[in-house]
Amino acid sequence: MERYTVISADCHAGADLLDYRDYLDPGYRDEFDSWAQTYVNPFGDLTEPDAERSWNSDRRNADLDTEGVAGEVIYPNTVPPFFPNGSLAAPPPETEREIELRWAGLRAHNRWLADFCSLSPERRAGVGQILLEDLDAAVAEIARIAKLGLRGGVLLPGVAPGAGVPQLYAEHWAPLWAACDEAGMVVNHHGGNAGPTPTDGWGSSFAVWVYETHWFAHRALWHLIFSGVLEHHRDLTLVLTEQGAGWIPATLDSLDVAAARYARPSSAIARFAGPTAGSLSLRPSEYWSRQCYVGASFMRPVECAQRHAIGVEKIMWGSDYPHYEGTAPYTREALRHTFSGVPAAEVAAMVGGNAAAVYGFDLAALAPLVDRIGPSVTEVAEPLATVPADARSTVFEPDPIRTW
């Protein structure tokens, strides 16, 4: 091995707003025209010239070539039709009509994404979207996502406290897990969309949201373990993306302790745990080892140091392209910063090999591209002496405890 096959397990894309029109079912196009005329995009970066990185295929591939990234798993980025903002952060719909329109918008996005991925099929694994407000529609859309060839799987929305749908541990969702299992869908849960919505812009509630948002996303792990979803669907794969990686070892230890107490008849807490959580055949850490992965976006050195406790084979590095906090335009430097002291076989697994296995990338098809753009083993092994002055990714942030 002379070069690494780098596959980002966390990238984002979406159509320019008006380009979604032709992907809508015809009955919604007139209403889309009226909505789009008055819609004001809340994201400043989606109104700038570089916004085209979300939908300009040639520009995107050129950028990724420069960064040394051969493949990408694509989450949503732009605003789908009839949404108030990006689907990852949109507040829950409040009316039946709003639910209907958002479904129309997500179906349009999934169709667009399938076409976008078809422009570079060996490089792109698109993640399809669903809503949880209509379970039957979600089950039907999972089948459509599979038929569209979106091998990135399905994006599982978060359920914020007080939402109008049951929490993910509820028996209500059994048909959803069965549909994902039957379709062979990877279930992806992305950070940033499972907690309460900030109420005061950039004020104190936003600071609290930033601090808590990863924890709310982490909840999907123990919801799916303690409700028996991973027990009953042993072929189901769960990926937790852009919510850090360093939390995993301590959380697995805590979940193992809780599960042991739930299963011990003499424990006072066991009577409250319910029959499912108290009768799991594996420890939570074993479900993690069997079925779960972390999309380790802009992975920091302090997280890499925990790689064996997390599981080297469980880690899938991500660049978060084209987001502001992502590694671009210093991805090569970011790889050196995090992985310079790590054995090459472990680096190869974390920066691409694991993602290739989970999402079905054809390494032979990517090989000619990797020969041209892939970071060399020697390059990544060279420690990064100086962080670029204008680097903005959090991967380059020093340990705040040591620099306070």
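**Figure 1. Pairing of β6 with β7 in the predicted model.** In this predicted model, Leu 238 has Cys 292 of β7 as its bridge partner, and the two strands β6 and β7 pair in the parallel sense over 4 bridges. Strand β7 is mostly covered, with 6 of its 6 residues buried. From β7, Cys 292, Val 294 and Ala 296 point one way, whereas Tyr 293, Gly 295 and Ser 297 point the other way.

**Figure 2. Strand β8 beside β7.** Strand β7, residues 292–297, pairs with β8 in the parallel sense over 4 bridges. Here Val 294 stands opposite Ile 315 of β8, and Gly 295 has Met 316 of β8 as its bridge partner. The residues of strand β8 (residues 315–318) point two ways, with Ile 315 and Trp 317 on one side and Met 316 and Gly 318 on the other, and all are buried.

**Figure 3. The open sheet of 8 strands.** The strands follow the order β1-β2-β3-β4-β5-β6-β7-β8, with parallel pairing. At the edges lie β1 (7–13) and β8, each of which pairs on one side only. Neighbouring strands of this sheet are turned against each other by 30 degrees on average, direction ignored. Within the sheet, strand β4 (residues 153–155) and strand β5 (residues 186–190) pair in the parallel sense over 2 bridges, and the bridge partner of Leu 155 in β5 is Asn 188.

**Figure 4. Helices α3 and α10 against the strands.** Helix α3 lies across β1, β2 (71–76) and β3 (124–129), and runs at about 175 degrees to β3. Helix α10 (residues 284–291) also packs on the sheet, where it touches β6 (237–241) and β7, and its direction makes about 75 degrees with that of β7. In α10 the buried residues are Pro 284, Ser 285, Tyr 287, Trp 288 and Gln 291. Seen down the axis of α10, these residues fall within an arc of 160 degrees, so they line one face of the helix. Among the elements that cover them are α6 (204–226), α7 (229–232), β6, α8 (248–263), β7 and α12 (307–310).

**Figure 5. The buried side of α5.** Helix α5, residues 174–183, has Leu 176, Trp 177, Ala 179 and Cys 180 as its buried residues. Around the helix axis they cover an arc of only 160 degrees, which puts them on the same side of α5. The cover over these residues includes α4 (135–147), β4, β5, α6 and α7. After α5 comes Gly 184, whose phi is positive, near 70 degrees.

**Figure 6. Nonpolar cores.** The largest nonpolar core has 96 residues, and those with the most contacts inside it are Ile 130, Leu 132, Leu 176, Leu 221, Phe 226, Trp 288 and Phe 339. Helix α3, residues 96–118, gives the most to this core, with 11 residues. Leaving aside its neighbours within four places in sequence, Leu 176 is in contact with Ile 130, Leu 132, Leu 135, Ala 138, Val 139, Ile 142 and Leu 156.

**Figure 7. The annotated region, residues 68–361.** UniProt, in an unreviewed entry, lists residues 68–361 as "domain: Amidohydrolase-related". Over these residues the chain is 47% helix and 12% strand, and the end C-alpha atoms are 16 Å apart.

Key: Residues numbered from 1 in each chain as written. Predicted model: local features only at pLDDT ≥ 70, side-chain atom pairs only at ≥ 80, totals over all residues. Heavy atoms only, no water. UniProt positions renumbered as here; feature names shortened; annotations may be inferred. Core = buried A, V, L, I, M, F, W, Y, C linked by side-chain atoms within 4.5 Å. Buried < 20%, exposed > 50% of the residue type's maximum accessible area, 1.4 Å probe, protein only. Contact = heavy atoms within 4.5 Å. Pairing = 2+ DSSP bridges. Axes fitted to C-alpha atoms, helices over the stretch in contact; angles between N-to-C directions. Arc of directions from axis to C-beta.
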